[in-house]
Structures are given as structure tokens and as C-alpha cells.
Amino acid sequence: MGGTKPLAVVTGASSGIGATFARTLAARGYDLALVARRQDRLQQLADELSGKFHINVTTLKADLTDEANLQAVENLLAGAANLELLVNNAGFGSLGRFAETPIESQDAMHRLHVLATMRLTHAALRNLTARDTGAIINVASVAAYVPRPGSTSYYATKAWMNCFTECIYLELKSSGSRVHIQSLCPGFTYTEFHDVLGVKRDFISGGWWMPAEDVVNASLQALGKNQLFVVPGWRYKLLVGLIRLMPRGVVHFALTRGPASLRRERQRR
Ligand SMILES: NC(=O)c1ccc[n+]([C@@H]2O[C@H](COP(=O)([O-])OP(=O)(O)OC[C@H]3O[C@@H](n4cnc5c(N)ncnc54)[C@H](OP(=O)(O)O)[C@@H]3O)[C@@H](O)[C@H]2O)c1
């Protein structure tokens, strides 16, 4: 695939944060390759954005937990002469204690958040570093900063994402590369994430919910400054700052004996 405009590849572009990245990048003049399982949604978005912004938008129906599908996206990233940005955004949540939850969904989450992110980052990075240009955004979560019982694989895979991204950031910095990499760590964001999870949004007050547009704008603004970790919203910046300062024992106490955890336990019984 070649073209005159820079190309952005966005995974999980059929809804939420990924679709918002696609809309924002289209308005900034990027050509797009949109990846997700729901082809009808991708095509609808592609038609809308190519018509409105006169850009090239291709769609790739792919389940990134599937080896052959993953390889197809790797090939796209490796062969795109105008690749400028990869957004590893596809993801989903989980609920339930680790041993009580079917292994299949835990396995799929690790394939998607860890293996797909690792493989697609590798394919994109080889292309970008060879041309010494471009960037990768890995969409993690504020969940990366704290362990939480009842959602083990989600918190663990997002923490992995932060560490993975930080290591590559250091490799790029120490080699003097102009390629940027970012770990985007949103808090609660209005998307389909909690609908897929089957959770109503009223478990936490409205002030904690952010529009996907604010998350994406914070990410793209920080990308120009080569900021490694991006936590959108002042509440979450404060929360992450406090969590990092607290002794781990205090965090563990709050998560196992605090009012929220006791309420959760009561609901389980
Ligand atoms: N919303 C929040 O509160 C929040 C907070 C922190 C972090 N995040 C992170 O933000 C990212 C985007 O989530 P979102 O909030 O925008 O949720 P969303 O609206 O549910 O979007 C998730 C996207 O991931 C795609 N996806 C899921 N499984 C996939 C698979 N196996 N292969 C390919 N694509 C797959 C979905 O598309 P298809 O179903 O069409 O495949 C969809 O486009 C996730 O990584 C999530 O962990 C969200």
C-alpha cells in the first residue's frame, strides 16, 4: 500500500476510542486503515470519513486473537510505505475472580492485549525505524497503575502494556530515534466498553466519565511532545499520583478491606 498522505492504522476502530481516533486523524489529513471484527461498522465509518475528508480509508476485518488475522495486519504494517502511526487500541474488559472465570476469555484477553500489541508493535516499529519517522500509541488504562481483585487479567495485561511501552521508549531514546511511542492510560470513558462488559455506568459518579474525544485529544497533543505516559483528566492524574505515592500495603488494605471492596464482596454473596 502506498500513498501521498501519512497512514494511520487503528485497531478496534469499529467503536469507542478507536473510532474517535479514526475521526480525529481523518480530520488531520491521515489516510486510514481500520481494523476490527465488525466489518459493517468499519465500512460505515470508512464511507463517512473518505467522503468527508477526501482521504483513503481501507478496512480490514480481523479478530486479533486469531493467528492468520493477526498476520494479515502485520503484513499491512510491514508493507505500508506511508505508515506514520499505529494505534493498538482493540481491547475488552473482564469481571470475576480469576479461578472462577472461564480460561477461554482470559486467554483471549492476553492474546489481544499482550500478543497482538507485541506483534503489531514489532511489525510497525521495523517499518518506522527504517524510515526514522512516525509513532505508536498503545491504549492501556489507569488500571495499569494498580492491582485489582476481580479483574486480574485486565489489570495485569494493562500493566504489561505500560512496561512494554516504557522499555521500547527507552530503546528509541537511547538510539536517538525520531520514532515516538506512548502508553495512553484513560480512566472511565463513554464508549461501548461497559456495555460489552454488561455493567451499568451508574456505579461511579458522572464526574469520573470522560468523552472519548477528550481522551484522544490528550493523546495526540502529548504525542508531539514525545510524552511516554498519558493519563487524561485531572481526576485521574491526581488518582494515579496518589496511588504511586502510597505504600503498597495501604493500597492492598483499601482493595481488600476498604468500603468499596466490602460492598463488592456483599454483592457477590
Ligand atoms: N472505556 C473505558 O472506560 C476504558 C478505560 C480505560 C481503557 N480503555 C481501553 O480502551 C480501548 C478501547 O476500548 P473502548 O473503551 O473504546 O471500548 P469499545 O467501544 O468496546 O471498543 C473496543 C474495540 O475493540 C475491538 N475489539 C475487541 N475485541 C477484538 C478482537 N478480538 N479483535 C479485534 N478487535 C477487537 C472492538 O471491535 P469489534 O467488536 O468490532 O471487533 C471495538 O472496536 C481498550 O483497549 C480498553 O481496554 C477503555
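**Figure 1. Surroundings of Val10 in the predicted model.** In this predicted model, Val10 touches Gly18, Phe21, Ala22, Leu32, Leu34, Val35, Val87 and Asn89, when residues up to four places away in sequence are not counted. Val10 is also named, together with Val9, Ala22, Leu32, Leu34 and Leu77, among the residues with the most contacts inside the largest nonpolar core, a set of 66 residues. Helix α4, which covers residues 103-131, supplies the largest share of this core, namely eight residues.

**Figure 2. Helix α1 and the glycine that follows.** The 12 residues of α1 reach 17 Å from the first C-alpha to the last, close to the 16 Å expected at 1.5 Å a residue. Because 10 of these 12 residues are buried, α1 is largely enclosed by the rest of the structure. The buried residues of α1 are Gly16, Ile17, Gly18, Ala19, Thr20, Phe21, Ala22, Arg23, Leu25 and Ala26, and among them Gly18, Phe21 and Ala22 are touched by Val10. Just after α1, Gly29 takes a positive phi of about 90°.

**Figure 3. The shell around the ligand.** The ligand is surrounded by 30 residues, of which Gly12, Gly16, Arg37, Arg38 and Gly91 are the closest. By residue class, the shell divides into 13 nonpolar, 12 polar and five charged residues.

**Figure 4. Val142 in a loop.** Val142 lies in the loop that runs between β5 (135-139) and α5 (152-174). Val142 counts as buried because 20 other C-beta atoms lie within 10 Å, and 20 is the number from which a residue is called buried. Leaving aside neighbours within four places in sequence, Val142 is in contact with Cys185, Pro186, Gly187, Val231, Tyr236, Leu239 and Val240. Val142 and Val9 are 133 residues apart along the chain, and their C-alpha atoms are separated by 23 Å.

**Figure 5. Helix α8.** Helix α8 consists of residues 234-245, and its end C-alpha atoms are 17 Å apart, which agrees with the 16 Å that its 12 residues should span at 1.5 Å a residue. This helix is hardly covered, since the count of buried residues among its 12 residues is zero.

**Figure 6. Leu70 in helix α3.** Leu70 has its place in helix α3, which is formed by residues 67-79. Leu70 is classed as buried because 20 other C-beta atoms lie within 10 Å. Apart from neighbours within four places in sequence, Leu70 is in contact with Leu64, Ala116 and Arg119. From C-alpha to C-alpha, Leu70 and Ser205 are 38 Å apart in space, and in sequence they are 135 residues apart.

**Figure 7. Two loop residues with positive phi.** Most residues other than glycine have a negative phi. His54, although not a glycine, has a positive phi of about 55°, and is found in the loop between α2 (39-53) and β3 (57-61). His54 counts as exposed because it has 10 C-beta neighbours inside 10 Å. Asn226, likewise not a glycine, has a positive phi of about 55°, and lies in the loop between α7 (212-223) and β9 (229-230). Asn226 counts as partly exposed, because the number of its C-beta neighbours inside 10 Å is 15.

**Figure 8. The protein as context for the close-up views.** The secondary structure of the protein comes to 10 helices and nine strands, and the C-alpha trace spans about 55 × 40 × 35 Å along its principal axes. The radius of gyration is 19 Å, which agrees with the value near 18 Å that a compact globule of 269 residues would have. Of these 269 residues, 38% count as buried. Among the contacts with a separation of 6 or more, 69% are accounted for by residues 24 or more positions apart.

Technical notes:
Residues numbered from 1 in each chain as written. Predicted model: local features only at pLDDT ≥ 70, side-chain atom pairs only at ≥ 80, totals over all residues. Near = placed C-beta within 6 Å. Nonpolar A, V, L, I, M, F, W, Y, C, P; charged D, E, K, R; others polar. Core = buried A, V, L, I, M, F, W, Y, C linked by C-beta atoms within 7 Å. Helix = DSSP H or I, 4+ residues; strand = E, 2+ residues; numbered from the N terminus. Contact = placed C-beta atoms within 7 Å. Expected span 1.5 Å × (residues − 1). Rg over C-alpha atoms; globule rule 2.2 N^0.38 Å.
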